[in-house]
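Here is a short briefing on how parts of this structure sit against one another. Please look over the sequence and the structure first.

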Protein chains: 2
Amino acid sequence: MASERLTPLSEDFSSWYNELVYRADLADLSPVRGSMVIRPYGYALWENIQDTLDGMFKASGHENLYFPMLIPVSYFEREKQHVEGFSPELAVVTHAGGKELEEPLAIRPTSETIIGEMYSKWIQSYRDLPLLYNQWCNVMRWELRTRPFLRTTEFLWQEGHTAHAGAEEALEEAFRMVNIYAEFARDHAAIPVVVGEKTEGERFAGALRTFAIEGLMRDARALQCGTSHYMGENFARAFDITFSDEHNRLRYVHTTSWGVSTRLIGAVIMAHGDDQGLIMPPRLAPIQVVVVPIFRGDEPEVSRQVLDEAQGVAQELSAAGVRVKVDTREGLSPGWKFNDWEQKGVPLRIELGPRDLKAGQVVLVERIERGKASLDRSEVAAAVPARLEEFHRELYARAGEFRDAHTFTVDDYPSFRQRVEQGWVYAVHCGRPECEQEIQQDTKATPRCIPFDGPAGEGSCVRCGEPSAYPRRVIFSRAY
Amino acid sequence: MASERLTPLSEDFSSWYNELVYRADLADLSPVRGSMVIRPYGYALWENIQDTLDGMFKASGHENLYFPMLIPVSYFEREKQHVEGFSPELAVVTHAGGKELEEPLAIRPTSETIIGEMYSKWIQSYRDLPLLYNQWCNVMRWELRTRPFLRTTEFLWQEGHTAHAGAEEALEEAFRMVNIYAEFARDHAAIPVVVGEKTEGERFAGALRTFAIEGLMRDARALQCGTSHYMGENFARAFDITFSDEHNRLRYVHTTSWGVSTRLIGAVIMAHGDDQGLIMPPRLAPIQVVVVPIFRGDEPEVSRQVLDEAQGVAQELSAAGVRVKVDTREGLSPGWKFNDWEQKGVPLRIELGPRDLKAGQVVLVERIERGKASLDRSEVAAAVPARLEEFHRELYARAGEFRDAHTFTVDDYPSFRQRVEQGWVYAVHCGRPECEQEIQQDTKATPRCIPFDGPAGEGSCVRCGEPSAYPRRVIFSRAY
């Protein structure tokens, strides 16, 4: 409960995160190793994330559908890199209906293989292309070290899977989707992500190119928030997905896949939180405004008036499209409630007591600076929606300032080693996997991405001096 | 494809159903036994069902959350009837991450057990009650005989799970939810369901009372479309879910659970379809209106004008809140397209050719009677939404007339045997499970429910002559 002190973020980030997830009612431990229960407050955040992204997917021409969760284990073996990437993490059903199965079935860690099988059936002609499908579902990857939202054996996500007549069109799709993720992160989650391409060592198992959005968390570590992959013909060849083109020639399709998951909840927690707890981006916040009526125990008639006024304020805000809650809980002090809602990250709090009632005003407290201001009662419904939009911009700016203050451009390895402890490092790199591994062993930092609009990358590798492999610098960082 | 003839419903209902599911692009067979792929057209119907029900759940005070899919097998053994009901159908994960698990984990067939475990942790005091939670998810029951949407090993559903301080309040919740299902079926799916209670033999494994909505399909068989269960203290005792009441006494909570699934898609197909294919209830239809432009190949300028006009009509309808699609597919005749959209059950079709363009009109064809009528071009946006509402009422009335024509009240067993071949039979019953079984062996009919508002049930059992067990007559029917 909120009455005990939350470990401050500045003191111990990891404890802060773990405590906050449970204390803010986002999730709970479950009896099954590595999996979690997503509680209503956390799930409502996920529903808002889903609604927003789903609208963006549909507006860009995608349709939803649903594939089976169980996939024959043999399917994974058809794409060589894919099986190497995923087989160590599979959970396998060997018995069902009281009998041993003839072929074991894996719970999907991702659905490329079963989708490949179906696409080979559905696609015959160029007229069937492109296929632009997406699925919202649960997936399972048997991880050894788990943390709520960031890495759990079961998680919720969406996986888009598209098939195209040619490479150019498929690549365009992969770019489009990573850019939609970036737009979502910036405009809804208020996280100023960087968009770029993964190096070979960080690519998805089976992809030719992987694009990603990366956010900087408040412990100066990076979090990959969404990825989009161009598969070329890899899965088309593995699952025989061919089509007759306009000239009646049989060709392989080019496929993409792209996904974001409940990990985005972890991103929201870690990109915005502070010593007091969560700070919810208003456009995704399950509760945008909480109204706390302040009672005096000895004046029941006044308390009733205060409560009526609080409900009236909430009704006006609700009618103005604001997600609002009145905290009518009994037996808890106003101060306790303030802390509780601050810990839960509600962007705006309205306090309303007998004196405010008399003065025809309310007190408005915003979550970032926790500054208080009086607001005329008659202006609440008009002022609050605008104030929420302003809050979004402030939160985005705050995250951007933090990121900029923790981003460094370095040209020599001693600086690299020093700066990578403090955040993101832009460096020239040779692109050799061995060199990446040496850097990781030395500093725990990995190449996050090669940003599309990052600084140019000519010159020699910051670590080994070999020539640069990329036209732009690589972001290195410690990461989740 | 729609070019081949669909087996008429009147000729062979079972073939009609199986063919239609695939030909109308609702679902496809999957490579995994007993499971299906839900294709975009079928999934869009499910999304509309979800959105509607989710709004009704939230309006009645429920919140969504998410529990892990894997449940320790030992949990099922804690409630005696529950394990008997579900253990033959479990799919079990025995290996994960390349190792054998210490305890096998079952894929949830339903989540009472893991939810019971969590509720025992979350509920301490009467102040924590009621808990009104719901989960949308996939579940798995290893069935031997499967049919798309009606019975598949994996299916999608929602499961509500609530905990209450007393029996009366929990029973009220179970009633409330079965009535919400009935409201949904009638007002959105246009299915005139009967609401009633299950007999002992048809109860959920672990429930004290089970309520259900039952619909009559067009082959005169019943389909259970949704259930709501009152568990009493059964799961509370099995999982030790206790609370301190106002007088500081430790008591067990009373729980409920309630669910509907992708089976509702089967209900929509079978309650409304006809020889031509599906008939979609307009409030749930993925496409409410299809606009088919009719071209003449030799006049490209006229064709362009027709297409522009068709797009204009669609834009107006879309702005009026109608889900509309223009069929711009090339190389297909208008007649082929008409058949295709009739098979997919789109409620209204607008045909628009060069002559209509000149006359300033469109042709409106409705799916039930397939009657054609001219409509002034300027009236389309105003007339169509009203026509869709009328369509809903007509479809509901049509299903009601069919049900009434196939519902019989009988007082002797020879009539029972004859009538139960033709539909629903209202009969007095003794309530003995052995007598139910004899009836089933003889006629394949089972007790569907004891309707809340059905005819009185005094007298002696239609089969064995023993005294009636219930205040009302029981509906017997062959069922899915």
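**Domains 1 and 3 of chain A**

In this predicted model, the C-alpha centres of domain 1 and domain 3 of chain A are 27 Å apart. Domain 1 of chain A covers 13-272, domain 2 covers 289-387 and domain 3 covers 407-477. These bounds come from an automatic or database domain assignment.

- Domain 1 of chain A brings 15 residues to the contact, and domain 3 of chain A brings 17 residues. Two residues are in contact if their C-beta atoms, placed from the backbone, lie within 7 Å.
- On the domain 1 side, strands E9 (194-197) and E10 (209-216) of chain A each supply at least two residues. E9(A) gives the most, with four residues.
- Helices (H or I, at least four residues) and strands (E, at least two) are DSSP runs, numbered from the N terminus.
- That side of domain 1 of chain A has six nonpolar, three polar and six charged residues.
- Ala, Val, Leu, Ile, Met, Phe, Trp, Tyr, Cys and Pro count as nonpolar; Asp, Glu, Lys and Arg count as charged; the others, Gly among them, count as polar.

**Helices H2 and H8 of chain B**

- H2(B) (residues 40-59) packs against H8(B) (residues 263-272) at about 105 degrees, with axes 10 Å apart.
- B:Gly42, B:Leu45, B:Trp46 and B:Ile49 of H2(B) meet B:Leu264, B:Ile265 and B:Val268 of H8(B). The residues of this contact are six nonpolar, one polar and no charged.

**Reading the model**

- Residues are numbered from 1 along each chain as its sequence is written, and chains are lettered from A and ligands numbered from 1 in the order in which they are written. In this predicted model, local features need pLDDT of at least 70, side-chain atom pairs count only at pLDDT 80 or more, and totals for chains, interfaces and linings use all residues.
- Axes are lines fitted to C-alpha atoms, for helices over the stretch in contact, and angles run from 0 to 180 degrees between N-to-C directions.
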